[in-house]
Amino acid sequence: MYKGTNASAGIGIGKAAIVEEAELIIEQKAVVSVEAEVERFRKALEKTVSETERLAKELAENVGEKEAEIMQGHMMLLMDPMLTGEIESSVKNSSVCAEYAIEQVCNMYADVFAGMDSEMMQQRATDMRDIKTRMQRVLLGIETVDIASLPQGTILVAKDLTPSMTAGINPKNIVGIVTELGGKTSHSAILARAMEIPAVVAVTGFLKDVKDGDEVIVDGSTGNVYVNPDAATAAEYAGRRDQYLKEKEELQQYIGKPSVTKDGVHLEVVANIGKPEDVEKVLEYDGEGVGLFRTEFLFMDRSAMPTEDEQYEAYKTVAERLAGKPVIIRTLDIGGDKEIPYMGLTKDENPFLGYRAIRLCLDRKDDIYRPQLRALLRASAYGNIRIMIPMVTCIDEIREAKALIEETKAELDRKGIPYNKDIQVGIMVETAAASLMADVFAKEVDFFSIGTNDLTQYTMSCDRSNERISYLYSTFNPAVLRSIQRIISCANEAGIMVGMCGEAASDPMMIPLLIAFGLNEFSMSASAILQSRRIICNSSREELQAVAEKAMSFATTKEVEDYMREFVKSQA
C-alpha cells in the first residue's frame, strides 16, 4: 500500500496509464534576426492562447463555468502586456531565442508568486510554469500528451498534473488520479473534485513501482493507493466503491427536504461562495442560502480595484439567483494571507495579527469601504442580502462600521436610490476577543457567524499553515469547543441568529455538538450540503444534549475526537 494526500473523495478502481511529458531542454541560443524571433514568439503565443480558449470552453461545457475560470486565469497571464512585453524585450536586448526568453521571464514571475504568503498567489506560480511550458512546446514542435483519448476505466498516473493537463481529462474515462507531487489546494486537485474523480496526490516514489496496465485502487477519502492488490483487497474495495456510490445516490432524496431535526428544530444549511458563478452549485445542491460570500475574490487577479458598479452587479446577481434566500456577504477581508499588489500594502511582520480586514477598511473608507458598502446596499433591493464584518475585536470597530453604513443609507436616500432599509448587519466571530465579548456584541448586531478556521488559530496561538505545530490546530480542542459553545449561548440569549462558516460546519463529528449547542445555521462547501442535511434530519437536539455534555467533560483533544468518532460510528 502507498500513502499520499487525499485530494478528492471516492474510490477508483482501474488500469494505470502513466502520463509522462517529454522533458524540455531549454538552451541559451543566439539569434541572427531578433525581429523574426519576436514574430516566432508571437505566433507561438497566439497558438497557446487559442488552445487555452478551447480548454476553457470544454471545461465550461463539461464541468462548469467556475472551473473554467482556472483556464481563463491562464488566458489573463498569457495576454498580460507586461509579461509578453518583457519576453519580447529579452529577445531584442539579449538576441536570444524565444524559448530561453520565456524560460527566464516566466521563472522570474513564478518565483515572485511562490514567495508570497497568499495560497492563491502561490498557485499562480504553478499557473505561470504551466503556460511557460506550453508556449515552449509550441516553439519546439513537441506534442502534448492527449489525455482526452485515454480509455474508460483509466487510473491516470503522473509526476504532477498541470491545470492544463487536468482540463483535458474526460471524466467519463478517468476513474482515479495518482500523482507524486501536488496538494489539496492545487488547481488540479480542485478540478478533480469538481469532476468528482477520486484523487490522491503527493505519493512519493510511486512512478518507479507502477507500470502501464497495472491494476490500481485509489482511495481518495483516506489517501491510500494499492497496485496489483490481492483478491481480498480488491473485493473489499469493490464493495466500498459500490457502497460509496450507493450513499451518494441516496443523498439525492434530501434535495427539496427541509433541514429539520427529528424533534422539530428548523436549521439552515447554506453555502460558502467566492464568486457569483458559485451560486449555481448552491442551487444544484439545494442550499438554503449563502452563509459566506468572500468578497476578496472580486479584488484578486486584477490590476486595479473593482468599481462600485462591478461589485454591485456581482452582489445583485447572487441575490437575484437565490430569490429571497439569505445571502450573507462578508466585507473585504484582505491582509494576512491575501496580498493584492495594486493596493500598495506593506508586508506586516505578523500578517495574521496585523493590518487587515475591518482594520484596513476603516482606515481606507473612501477608496475601499464606502464603495463596497454602497454596492452592498444598492444590491440589497434585489434580495435578502446581509452584511457581515470580519476580524472584529472590539465594540468600537462595529459601531464605527454601523455608523458608516447609516451614512451610506442617508446618501442613497438623498439620491432616491432604493435599498433594504432593514438590512441586517452582523459580525464574523473569529477572534478570542470577540468570543470573550460575545454577550456584549450580541446586543450590537443582528447575527453572528463563527469562523472556526481563524477562531481555532487565534484561540490556540497556532499558525494553521505551520506543519510543525499542526497537532495543536483542532476545532475539537476543549478550549475551542468552550469558545464555540459560549458564542452560541450568547447569541441564543440575545435572540439573534448564530451560524458557522468554517470547515467544522460540515464535519460529521462536529455537527452533533453544534446542534446540541444551539447553532442555527451551517455554512459549507456546496458539495457537503446534502450529507450535512442528512445528519441533521436524523438527529434530535434533545437527545444530543447528553452527547455534548460528555464531550465537554474531556480534557484533551484526543479524548473528544475519539468519543465523537465512536458516536458517529454508532449512528451509522
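This is a predicted model: local features need pLDDT of at least 70, side-chain atom pairs count only at pLDDT 80 or more; totals for chains, interfaces and linings use all residues.
Colleague: Which strands does helix α11 (residues 308-321) lie across?
Modeller: Helix α11 lies across β9 (268-273), β10 (290-294), β11 (326-330) and β12, and runs at about 160° to β10. Axes here are lines fitted to C-alpha atoms, for helices over the stretch in contact, and angles run from 0 to 180 degrees between N-to-C directions. Contact means heavy atoms within 4.5 Å. Helices (H or I, at least four residues) and strands (E, at least two) are DSSP runs numbered from the N terminus.

Colleague: And what does α18 touch?
Modeller: Helix α18 (residues 478-494) packs on the sheet and touches β13, β14 and β15. The direction of α18 makes about 165° with that of β14.

Colleague: In what order do the 8 strands of the barrel close?
Modeller: The order is β9-β10-β11-β12-β13-β14-β15-β16, with parallel pairing. On average, neighbouring strands of this sheet are turned by 25° against each other, direction ignored. Two strands count as paired if DSSP finds at least two bridges between them.

Colleague: How many bridges join β14 to β15?
Modeller: Strand β14 (residues 447-450) is joined to β15 by 4 bridges, and the two run parallel. F447 has M497 as its bridge partner in β15, and S449 stands opposite G499.

Colleague: Which way do the residues of β15 point?
Modeller: In β15 (residues 497-500), M497 and G499 point one way, V498 and M500 the other way, and all are buried. Buried means under 20% relative accessible area, exposed over 50%, and partly exposed in between (1.4 Å probe, protein chains only).

Colleague: What about β15 and β16, over how many bridges do they pair?
Modeller: β15 and β16 (residues 521-524) pair in the parallel sense over 2 bridges. G499 stands opposite E521 in β16. From β15 the chain crosses through helix α19 (residues 511-517) to β16, a β-α-β crossover that is right-handed. Right-handed means that, with the strands pointing away from the viewer, the path from the first strand over the helix to the second runs clockwise.

Colleague: Which residues touch the most other members of the largest nonpolar core?
Modeller: Y315, I389, F448 and F522, out of 102 residues in that core. A nonpolar core is a set of buried Ala, Val, Leu, Ile, Met, Phe, Trp, Tyr and Cys residues joined through side-chain atoms within 4.5 Å. Neighbours within four places in sequence aside, the contacts of F448 include I427, V429, F441, I487, M497 and V498. Another core of 31 residues lies apart from it, with I87, V96, M116 and L139 among them.

Colleague: Switching topic. What is the strand order in the open sheet?
Modeller: The open sheet has 8 strands in the order β1-β8-β7-β3-β4-β5-β6-β2, with mixed pairing. β1 (2-3) and β2 (5-8) are at the edges with a single partner strand each, so one side of each has no neighbour in the sheet. β2 pairs with β6 (residues 199-201) in the antiparallel sense over 3 bridges, and N6 stands opposite V200.

Colleague: Which strands does α8 lie across?
Modeller: Helix α8 (residues 231-250) lies across β3 (11-19), β7 (215-219) and β8 (224-227), at about 115° to β3.

Colleague: How many residues does α14 have?
Modeller: Helix α14 (residues 395-415) has 21 residues and reaches 31 Å from its first C-alpha to its last, close to the 30 Å expected at 1.5 Å a residue. The expected span is 1.5 Å times one less than the number of residues. Among the buried residues of α14 are I398, A401, L404, I405 and T408. Their cover includes α12 (357-363), α13 (365-379) and β12 (384-389). Just after α14, G416 takes a positive phi of about 70°.

Colleague: Is D286 buried or exposed?
Modeller: D286 is buried, with a relative accessible area of 17%. D286 has a positive phi of about 60° although it is not a glycine, and lies in the loop between α9 (279-284) and β10.

Colleague: And where is S461?
Modeller: S461 sits in the loop between α17 (452-459) and α18. S461 has a positive phi of about 50°, again without being a glycine, and counts as exposed at 66% relative accessibility.

Technical notes
Residues are numbered from 1 along each chain as its sequence is written. Side-chain values use heavy atoms; hydrogens and water are left out.
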